[in-house]
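Visitor: Hi, could you walk me through this one?
Guide: Happy to; here it is.

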Amino acid sequence: KMGRGANVFRLTKNVVDRGVYAVTRNPMSLGYYSLSLAIALVSGSTLATLAVFFTLIPAHLSYLKFYEEVELDRRFGESYKEYSRRVPFLFPKFAKP
């Protein structure tokens, strides 16, 4: 609703910088990495853990950095550039007390 995109077939028209998107630009990816790593660790598989660390996460980060960020920059222009300067790429930065 905030970005005016209703489903996967309709692209958002606005940069959403409220809620969780105010502290990280990729909250779903951070959750995906955390869940993947948790499953690998709980399974007790060294191979699965190494695969998550050295294959899954780097491949997806590459996609985000070299495709998605470029597309968002082209689509939203200066508003996305300002947002990306203000909000960290992946790991949240919380206000200091």
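Guide: We'll talk about aromatic rings and then a threonine. This is a predicted model, where local features need pLDDT of at least 70, side-chain atom pairs count only at pLDDT 80 or more, and totals for chains, interfaces and linings use all residues. Residues are numbered from 1 along each chain as its sequence is written, and side-chain values use heavy atoms, with hydrogens and water left out.

Visitor: How many aromatic pairs are there?
Guide: There are 4, counting Phe, Tyr and Trp (its six-membered ring) with centres within 6.5 Å; planes under 30 degrees apart are stacked, over 60 edge-to-face, the rest tilted. Tyr-80 and Tyr-83 are tilted, because their planes stand at 55 degrees, with centres 6.0 Å apart.

Visitor: Where do Tyr-80 and Tyr-83 lie?
Guide: Both are in helix H3 (residues 78-86), 3 residues apart, about one turn. Helices here are DSSP runs of H or I, at least four residues, numbered from the N terminus.

Visitor: Is Tyr-80 buried or exposed?
Guide: Buried, at 6% relative accessibility; buried means under 20% relative accessible area, exposed over 50%, partly exposed in between (1.4 Å probe, protein chains only). Tyr-83 is buried too, at 4%.

Visitor: New topic: where is Thr-24?
Guide: Thr-24 sits in the segment before helix H1 (27-43), and it is buried at 2% relative accessibility.

Visitor: And what is Thr-24 in contact with?
Guide: Beyond neighbours within four places in sequence, its contacts include Tyr-83, Val-87 and Phe-89, where contact means heavy atoms within 4.5 Å.

Notes:
Helices (H or I, at least four residues) and strands (E, at least two) are DSSP runs, numbered from the N terminus.
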